[in-house]
Amino acid sequence: MPVGRYIVMDGEGRAVGTEEFRCAPGPSGWRYAASITTTVPEPHGELVDLVVDRSWRPVRVRIDTGEHQLIASPAGDRLTGILDGEPFDVGFGPEVDLDYLSPSFNAVTAHRLGRTAELDVVYLEPVTCRPVPVRQRYELIGDADVDTPVGRFQAARWQFTALDSEFSRPLWLAGDVVVGFEGLFELDEYEAGATGPAPRA
């Protein structure tokens, strides 16, 4: 079970918090759990629990940001759940992805796609978890070595672009772990465990 910690940054490389995580494959898919502390927009803590199936499709997501709580699951062509004690229901479907400000969601989408693509996404806004529709692009650049504070990994390099805002940054995925996401997440501590990708040095 890979475990580790990211330095969370503001998109321009300035540290604003940490994300401590663990993730593991299971008999029916993959699960990621994290504890986040951040100063944006004000100091607070968050919990993220994401479960996907063997096809890397979301099964359940739970997010608790202190002031806001969400639990949701896909049901046919809808994403349904409870947000702050009230039911919500938004369009979803097999070609739509889910996103939140945690690298676990990028890992899931990249695994599911396996190729360059543009896609519709239900984006859960930071802190409030309010679902909004957005468009994103994942461009698979190819295999590349990437140096991190915990060592060098052989990884797949992707270019992530939020098409609505044109925000674009490279990210590197080794196995099921995002080992680098320029300006957003830096892998600061890491143990591969029995199933995780191991750094070369």
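## The strand pair around L79

L79 stands opposite V90 in strand β8. Strands and helices here are DSSP runs, a strand being E over at least two residues and a helix H or I over at least four, and both are numbered from the N terminus. The model is predicted: local features need pLDDT of at least 70, side-chain atom pairs count only at pLDDT 80 or more, and totals for chains, interfaces and linings use all residues. Residues are numbered from 1 along each chain as its sequence is written, and side-chain values use heavy atoms, with hydrogens and water left out.

Strand β8 covers residues 86-91 and pairs with β7 in the antiparallel sense over 6 bridges. Two strands are said to pair if DSSP finds at least two bridges between them. β7 and β8 form a hairpin with 2 residues between them, and D84 in the turn has a positive phi of about 55°.

## Strand β7 and its other partner

Strand β7 (residues 78-83) is also joined to strand β6 (residues 69-75), again in the antiparallel sense and by 6 bridges. In this pairing, L83 of β7 is the bridge partner of L70. The hairpin of β6 and β7 has 2 residues between the strands, and G76 in this hairpin takes a positive phi near 65°.

## Salt bridges

Side chains of opposite charge can pair when their charged atoms come close. A salt bridge is defined here as a side-chain nitrogen of Lys or Arg within 4 Å of a carboxyl oxygen of Asp or Glu. By this rule the model has 14 salt bridges. D89 is partly exposed at 44% relative accessibility, and R78 is partly exposed at 33%.

D10 and R14 form another salt bridge, the closest N and O atoms being 2.7 Å apart. D10 counts as partly exposed, with a relative accessible area of 34%, while R14 counts as exposed at 52%. The side chains of R130 and E125 also meet in a salt bridge, at 3.2 Å from N to O. R130 is partly exposed at 45% relative accessibility, and E125 is partly exposed at 24%. Salt bridges that share partners join E118, D120, R135 and R137 into one network.

## Helix α1

Is helix α1 mostly covered or mostly open? Helix α1 (residues 103-113) is mostly covered, with 10 of its 11 residues buried. Among the buried residues are P103, F105, V108 and L113. Just after the helix, G114 takes a positive phi of about 65°.

## Backbone features in the loops

Most residues other than glycine have a negative phi, and most peptide bonds are trans. The peptide bond from V40 to P41 is cis, with omega near -5°. P41 lies in the loop between β3 (29-38) and β4 (44-53).

V127 is a residue other than glycine with a positive phi, near 70°. V127 lies in the loop between β10 (117-124) and β11 and is buried, with a relative accessible area of 15%. E166 is not a glycine either, yet has a positive phi of about 65°. E166 is found in the loop between β12 (151-162) and β13 (167-174) and counts as exposed at 65% relative accessibility.

## The surroundings of A144

A144 lies in strand β11 (residues 131-148) and is partly exposed, with a relative accessible area of 23%. Which residues is A144 in contact with, leaving aside its neighbours within four places in sequence? They are F153, Q154, A155, R157 and W172, where contact means heavy atoms within 4.5 Å. The C-alpha atoms of A144 and A174 are separated by 9.9 Å, and these two residues are 30 residues apart along the chain.

How values were computed: Buried means under 20% relative accessible area, exposed over 50%, partly exposed in between (1.4 Å probe, protein chains only).
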